[in-house]
Amino acid sequence: GPPPRAHGEDLDQPELMKLVLEQFSCVTPEYDLMPHRITSRRDVFHFDAADRVVNFAVRHQRPVFGHMLVWNYRTPQWLFQKPDGEPLPRKQALANLRHYIETVMRHFRGRLTAWNVVNEAISEAEGEYLRDTPALRAIGEDYVAHLYVIRLKNPEAFREHLRSRHVATDVHYPIADHRQPAHHGMDTLAEAPQSALSGVAP
């Protein structure tokens, strides 16, 4: 089944934790890794609650799936908005986003198996592709392209494969993800040579 949605306070219930360890092989913190739980303003980060859940899972050899780095709901205002609610300039919003992600990723480095990087970015509204969010309003529709990261033991081989399929990739992406050829019927990752994908590291 799906991983249990763990809360820091659940760790104080021994019988519940015994059941989790008996029935589940991985853990996803439901709230404690969300941006609004981790940061209240720039350079103020609160990791205690998330650390409790992550350390419990690691101690019991359960992989942890991070949920999530970017979301339209309950995102701290400083990331994408001015105090009056207006969007930040694109450059500042991107700098804030990078600062937040790098701080969180460094803190949990080596302890998490994977991340839900951006949550619910696709709109449910008819005729609207990306959900209207503070990140979208401040950065633009390519904000999702700044969030796609793949870690490989042979990144150059994979980058060359992407180039051969006309998919641009670098530290910053000149073409938004949903405009890339891979999003128009081409399964680029599936077509990649094994020499590029072998030894994928979480």
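**Figure 1. Strands β5 and β6 run side by side.** Strands β5 and β6 pair in the parallel sense, over 5 bridges. In this predicted model, F65 stands opposite A114 in β6. Of the 7 residues of β5, 6 are buried, so this strand is largely enclosed by the rest of the structure. The side chains of a regular strand alternate between the two faces of the sheet.

**Figure 2. A cis peptide bond joins H67 to M68.** The bond from H67 to M68 is cis. Its omega is near 5 degrees. M68 belongs to strand β5. That strand is the one with 6 of its 7 residues buried.

Figure 3. The largest cavity holds about 70 Å³ of space. Its lining includes V70, W71 and N72, along with V118, N119, T133 and Y143. By class, the lining has 7 nonpolar and 4 polar residues. Charged residues are absent from it.

**Figure 4. T133 sits in the lining of the largest cavity.** T133 is one of the residues that line the largest cavity. Where in the chain is T133 placed? T133 is in the loop between β6 and α6. Is T133 buried or exposed? Its relative accessible area is 4%, and a residue under 20% counts as buried, so T133 is buried. Leaving aside residues up to four places away in sequence, T133 touches N72 and Y143. Both N72 and Y143 also line the largest cavity.

**Figure 5. Five aromatic residues form a cluster.** Ring pairs link F45, F47, Y100, F108 and W115 into this cluster. The count of aromatic pairs in the model comes to 5. Take F45 and F47. Their ring centres lie 5.9 Å apart and their planes meet at 10 degrees, so the pair is stacked. F47 is buried, with a relative accessible area of 12%. Now take F108 and W115. These two rings form an edge-to-face pair. Their centres are 6.4 Å apart, with 65 degrees between the planes. Both F108 and W115 are buried.

**Figure 6. D43 has a positive phi in a loop.** D43 is not a glycine, yet its phi is positive, at about 70 degrees. This residue lies in the loop between β3 (39-41) and β4 (44-45). Is D43 buried or exposed? D43 has 55% relative accessibility, so it counts as exposed.

**Figure 7. Q61 also has a positive phi.** Which value does phi of Q61 take? Phi of Q61 is near 60 degrees, a positive value in a residue other than glycine. Q61 lies in the loop between α3 (48-59) and β5. At 71% relative accessibility, Q61 counts as exposed.

Figure 8. The chain has 9 helices and 6 strands. Of its 202 residues, 43% count as buried.

Key
Residues are numbered from 1 along each chain as its sequence is written. This is a predicted model: local features need pLDDT of at least 70, side-chain atom pairs count only at pLDDT 80 or more; totals for chains, interfaces and linings use all residues. Side-chain values use heavy atoms; hydrogens and water are left out. On a 1 Å grid over the protein atoms alone, a cavity is a set of points where a 1.4 Å probe fits but cannot get out, and a pocket is an open set with protein on both sides within 12 Å along at least five of seven lines; lining residues have an atom within 4 Å of a point. Grid points are joined across faces, edges and corners, and a volume is the space filled by probe spheres set on the points. Ala, Val, Leu, Ile, Met, Phe, Trp, Tyr, Cys and Pro count as nonpolar, Asp, Glu, Lys and Arg as charged, and the others, Gly among them, as polar. Rings of Phe, Tyr and Trp (its six-membered ring) pair if their centres lie within 6.5 Å; planes under 30 degrees apart count as stacked, over 60 as edge-to-face and the rest as tilted. Buried means under 20% relative accessible area, exposed over 50%, partly exposed in between (1.4 Å probe, protein chains only). Helices (H or I, at least four residues) and strands (E, at least two) are DSSP runs, numbered from the N terminus. Two strands pair if DSSP finds at least two bridges between them. Contact means heavy atoms within 4.5 Å.
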